[in-house]
Amino acid sequence: MNKKPLVAALLLATLSGATQAATAYISNEKDNTLSVLDLDTWTVTDTIDVGERPRGIELSKDKTKLYICASDSDTVQVLDLATHKIIANLPSGEDPEQFALAPDGRMLYISNEDDALVTVVDTETHEVVAQIEVGVEPEGMAVSPDGRWAVNTTETTNMLHWIDTSTYELVENTLVDQRPRYVQFTPDGKQLWASSEIGGTVTVVDVDSRAVIKNITFEIKGIHPDKVQPVGVKLSADGRYAFVALGPANHVAVIDAKTFEVLEYLLVGRRVWQMAFTPDNKYLLTTNGVSGDVSVIDVDDLKVIKSVKVGRYPWGVVTVN
Amino acid sequence: MLKYARHLMLISGIISLSATAAPPPVNVDIAYIGQIVDQGPVLSNLIPEPDDAGAQGATLAIKDSNTTGRFLNQHYTLHESSSEDAKLLTESAKELYGKGVRLFILNTPADTLAQLRDALPMDSLLINAGSRDDALRTTQCLPGMLHTIPSRAMLADALAQWLIMRRWSRWMLIDGNTADDEAFAAAIKRAAKRFGGKVVEEKHWSFDTDLRRTAQQELPPFTMGKEYDVVVVADERGDFGEFLPYNTGLPRPVVGTQGLMPVGWHKMIEAWGAAQLQSRFEAQSGRWMNEKDYASWAAVRSIAEAVTRTGKADSASIKDYLLSDQFELAAFKGRKLNFRGWSGQLRQPIALVQPRALVSQSPQAGFLHPKTELDTLGYDEPESRCRVDR
């Protein structure tokens, strides 16, 4: 799969080792590549060939590897960040789209969109540990900071499925608005934020009681409410803000994470999808599928300062020091 | 392609649902009544329409709904009855009613819908997933009937908006021999008036030559006349229209029932998660999902959404919910769908496709409406006598 000559790979390894620059990796769904973005110079420094239709990506806890959902190759690939080489293909179940790593860095929870399953893979032994039946079109996946819960969203069933990670059993379901896409725990693990793309809302759930605390709605002047479609959600580490990518509305909503009030709408590229903070938490990067670029938001000023062209249909983004 | 599916099948024991406090069971029985229509002999008969168009969509939606139902202790059963004979279908619908079925998905022509409405008591909810007939949405108004398949007016309006957006406003309109062709042509003429198109010339196809051999001789002179931007063809059963593209007298595109087509669903729709629905459907049925399949799928999914949200499965509660502000259906068209309170028509975007690509989706930007631009497609409230929500 990786056709790059060894010499080039070694050279890259030397370069990236020498500079220590913060880097972002962006999966390009329709190019079967990852773009490597230097966060000091805001330039794309490398493009890596990966499996077919790469979507969700996640960093290993030791920050040496990247896990990539190669949806149409039906595998999760493991990329060595030092060499930019694919070093393993994990069994993932069919059509993996999003996944989440347990806090211990070992168990990977994968949504299998075509099979109505969540697959749990041990990243050390590369074995499937469990498969859990969920609703139709599993999509979003998150593991709570304490490792107790894995939560999966199913887009056509419209539920959050709560999986007990000690037994791999589904123990509770929360009905939310149409087409839940993405889930994210707050850093303190007390709340779960879930976006509903077609419902146009973000639901905040209390983790202890699994009760809905708040349904956040959005309103942007000049954009029909049906086109405001929340997808990616990111919560700032200081607990101050929540950022919600609004898909074809081409805006990111900034929400006060305490009062749930929408503070601002920031105009970004077209069909904004997923987001990631830079390692210093100063900037938030957004992937914009239709415009094929990444927007850079200054988190203190709440301003969009830059956009950088990447591949076709950028989907996921992670950053690493 | 790396395939791990087989490997996964071997690991023992997919962990199934554990018992949380289960809500009381709800059983939902849905009838699918499908009439297989003999289209008569056509010239372009190389790719026949599948006989199970519609039924496969309903079957998939039942599967989808049962996957969701497992978590709520709800179980969905489809009772399918398909035949060429309208009388037989009416009998089996009555029989199902006798057994307690109150929810009916109907994929039949308009006259059979009227017979079924007469035959079934008023406490049955009927969803039309087969007839595009505009009269059903404007004047005929069969009581308590909803429609998930787009009307001809919606299709024609979707096409017209795009033609106007492209500034291709001079149309040569050609229709075929059937009443359906005439109805499609009428919808095109109405759309021209609404959006500023001009039918510069109307022609009627009545030749009986075999066009597979003589299209290049017959059609170029037939499509000469006044200057036009496009040829709009109204040939619903695909008799001659397939031969029009590349055989027009002027070098112009062909749109309508062939060429660039407005459709409720098509293989070429892949955005908004549609790729997942397409692949589920293809795995089940071994063929592409079409507009009839989608209409039946949407009908069953609408019912299931009402049952999921309300916990009730009686036809009156379902109908109330479907026509309420709360109802919204995520249906792979990029925005939530709901029903019009007057005609019972499912509001939905319309795709414009050519056989191998999605070209656009209407409503087009700039066609405004005080409530929702989806209502720029088809008959709006003041233009319809129906009031299905009363």
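At which residues of chain B does UniProt place the feature "domain: Leucine-binding protein"? The record, an unreviewed entry, puts this feature at residues 54-205 of chain B. In the model, which is predicted, the end C-alpha atoms of that span lie 30 Å apart.

**Domains of chain B**

The domain assignment divides chain B into domain 1 (24-38 + 48-150 + 266-383) and domain 2 (153-263). Their C-alpha centres are separated by 28 Å. Where the two domains of chain B meet, 19 residues of domain 1 are in contact with 16 residues of domain 2. On the domain 1 side, strand E11 (350-354) and strand E12 (357-362) of chain B each supply at least two residues. E11(B) gives the most to that side, with five residues. By residue class, the domain 1 side comprises ten nonpolar, seven polar and two charged residues.

As a general background, nonpolar side chains in soluble globular proteins tend to be buried together. The largest nonpolar core of the model has 106 residues, and the members that touch the most others are Ile30(B), Phe104(B), Ile105(B), Ile188(B) and Val300(B). Helix H10 (residues 291-310) of chain B gives the most to this core, with ten residues. Both domain 1 and domain 2 of chain B are represented in the core, each by at least three residues. Leaving aside residues up to four places away in sequence, Ile30(B) touches Tyr76(B), Leu78(B), Leu103(B), Ile105(B), Val300(B) and Ile303(B). A second, separate core has 92 residues, including Phe99(A), Val118(A), Trp273(A) and Tyr313(A).

**Chain A**

Chain A contains one helix and 28 strands. Its overall dimensions and packing are set out below.

| Property of chain A | Value |
|---|---|
| Radius of gyration | 18 Å |
| Box of the C-alpha atoms along the principal axes | roughly 55 × 45 × 30 Å |
| Buried residues | 55% of 321 residues |
| Contacts between residues 24 or more positions apart, among contacts with a separation of 6 or more | 43% |

Why does the radius of gyration of chain A agree with that of a compact globule? A compact globule of 321 residues would have a radius of gyration near 20 Å, so the 18 Å of chain A agrees with this expectation.

Technical notes. Residues are numbered from 1 along each chain as its sequence is written. Chains are lettered from A and ligands numbered from 1 in the order in which they are written. This is a predicted model: local features need pLDDT of at least 70, side-chain atom pairs count only at pLDDT 80 or more; totals for chains, interfaces and linings use all residues. A nonpolar core is a set of buried Ala, Val, Leu, Ile, Met, Phe, Trp, Tyr and Cys residues joined through C-beta atoms within 7 Å. A residue is buried if 20 or more other C-beta atoms lie within 10 Å of its own, exposed if 12 or fewer, and partly exposed in between; C-beta atoms are placed from the backbone. Helices (H or I, at least four residues) and strands (E, at least two) are DSSP runs, numbered from the N terminus. Domain bounds come from an automatic or database domain assignment. Two residues are in contact if their C-beta atoms, placed from the backbone, lie within 7 Å. UniProt positions are given in the numbering used here, feature names are shortened, and annotations may be inferred rather than shown by experiment. Ala, Val, Leu, Ile, Met, Phe, Trp, Tyr, Cys and Pro count as nonpolar, Asp, Glu, Lys and Arg as charged, and the others, Gly among them, as polar. The radius of gyration is taken over C-alpha atoms; the globule rule is 2.2 Å times the number of residues to the power 0.38.
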